[in-house]
Amino acid sequence: MSDLAVQAYQLTAAGRFAEALPLAQSAVAGLRVCTPTHGMLATILLRLGRRREAELVVQQALDYSEGSADAYDALAHVSALLGQHERANALYRRVVELAPNDPRFWHNLASSERSLGRLREAEEACDRTIALDRTRYATFLLRSELRVQTSDANHVDELQRELSRNSSDDRARMFLGYALAKELDDLQRYDEAFPHLAAASAIRRRHLAYNVEMDCRKLERIAAVFPKDLIRGAMTHSKGLDRDDAAMSPKEFIRSEATRHPKGHDRGDAEMSPKDLNPGESAMHPKELDRGDAAMFPKEFNRGGETDSPKEFISGVAASPRESVHDAAAGSRHIFIVGLPRSGTTLLEHMLLGLAGVRSNGETENFSQALLAAAPRDRGDVFAGAAAAESAAVARGYERLAGGDATADRVIEKLPMNYLYLGAIHRALPGAKLVLVNRDPVDSCFAMYRILFGEAYPFSYDFDDLAKYYAAYERLMDHWRASLGEALYEVSYEDLVREPARVGEGVAKYCGLEWNERAVEVHKRASVSLTASAAQVRRPIYGSSSGRWRRYEKHLEPLIHALRRERVISSC
């Protein structure tokens, strides 16, 4: 790697994309072979909202007759971020041809195959990865999640053997524990499954520096700085918004208070994430991929790669001290589907993708990036700054990051955590449709508890944390309900899986879409899924997950007690 490329890499890793750009451009100038730096350059452009230029860089690099496996792996990654998933898959296939003995690349191919619904091919790639390196524990979990295991075809014995060989390795026990719990659940061996799930969750929680009380205060703060009159367009000032947490960085508004844990346990590092793949928690979800030493920009491979300098994402967008007149129809082509993870947001997204003129950006942090880019820095803390952001500037920044598509009348943004920004979204994009998906509290908490996430949702690994966060979440949702009124459309997960056609038609009407009964045939659709539900949406809609917690009722008594204590539920 040239000195210029190294400098560009360092700036990119620090989130300083505008400064990295000219260095990366100089590093590839004159090259006639495809290199990993081309992938870095394309990703920098994409993060600056310059999608067309990013696409051009990829196309030019692919025109060269020579390239390394690492180079094509980088181009595959950015191709997925650009929504070119078939091209990304073809590139991953080229990578494994060039480097057939590198397990990283087989894992990446498996993740790509899963996102496209080619589950048999994904399992074969997982098997190849494991055969090359049995310490790729993330791949064991990815493989277990690809299908419902049966008594005739499962990996339970293999997983048990691996666990017994790695009894003192927390990283192995975490991934293998989640995998074994999932497969035992498929086999309806619930009492055997739960101890493995509990042990794996405890390992993940132990390696997180996280305080749920901090998150609860943040949710309260969001409600305080986005009162009803501000959300509905009234001009208000920020009186009383200064607090002791004024030094909080903008990215803390987006992400929970979880810091990186010891090496080998942060699923924000690409290898550690076998699914989702976001929230995200997120285009070929970067954290889905095993970037390994080929990673050109480590921060790029967590859920959002947001930085302390969000204005670098969007050049030319500056917050005005006074709110300008804002178009009431702004954002009318956008649909935001939000809710806690595992609440049915992916299912609803894929139903709407079955309607004419609809596409999805997947799970991106486009809105939060646009919001923070337009936020003034002199309002006391990041929350007050976000509330003071000029609506028109936020809208312009979001439209730039979200990209255009002449073939789509409506564009879905399906990052569950956008529930934090519902007030800000409505203020900046009053014409956007806001759909909140709800689920039974116990089912919702247990569904999150069963999943190994990346950096997001650190409250999901402990029952007390889950109950406290859920209570704070519900208080924020109550605030949005009171503030947004009919602008917020709510869907029950239980109704969605029981009567998908009726519920789907209601959502379509709210969004101004023409309903088609075939929209419920999500398993027949070739749409891409990059979330933890990627394998599930390849099956016909089923309701067996409703009330799933009752299969584990005796093990979930501490969770139920905690939810009662927080007044989330009164009885079950």
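View 1. Asp127 counts as partly exposed at 35% relative accessibility, a class that lies between buried (under 20% relative accessible area) and exposed (over 50%), computed with a 1.4 Å probe on protein chains only. This is a predicted model, in which local features need pLDDT of at least 70 and side-chain atom pairs count only at pLDDT 80 or more, while totals for chains, interfaces and linings use all residues. Residues are numbered from 1 along each chain as its sequence is written, and side-chain values use heavy atoms, leaving out hydrogens and water. Asp127 meets Arg143 in a salt bridge, 2.9 Å from N to O; the term stands for a side-chain nitrogen of Lys or Arg within 4 Å of a carboxyl oxygen of Asp or Glu. Because Arg143 lies in helix H9 (residues 137–144) and Asp127 in helix H8 (residues 119–132), the pair ties together parts that are 16 residues apart in sequence. Arg143 itself is buried, at 4% relative accessibility.

View 2. For the model as a whole, the count comes to 37 salt bridges.

**View 3. A pair within helix H11.** Arg173 and Asp170 join in a salt bridge of 3.0 Å, N to O. Both sit in helix H11 (residues 170–186), three residues apart, or about one turn of the helix. Helices here are DSSP runs of H or I with at least four residues, strands are runs of E with at least two, and both are numbered from the N terminus. Asp170 is buried at 16% relative accessibility, whereas Arg173 is partly exposed at 27%.

**View 4. Arg16 with Glu19.** Here the closest N and O atoms of the salt bridge are 2.7 Å apart. Arg16 has a relative accessible area of 35% and is partly exposed; Glu19, at 37%, is partly exposed too.

**View 5. Where to read with care.** The protein chain has a mean pLDDT of 83, with 78% of its residues at 70 or more; pLDDT is the predictor's confidence in each residue, from 0 to 100. Over residues 234–251 the pLDDT is below 50, and this stretch has 33 contacts beyond near neighbours in sequence, a contact being heavy atoms within 4.5 Å. Residues 254–288 also have pLDDT below 50, with 172 such contacts in the model.
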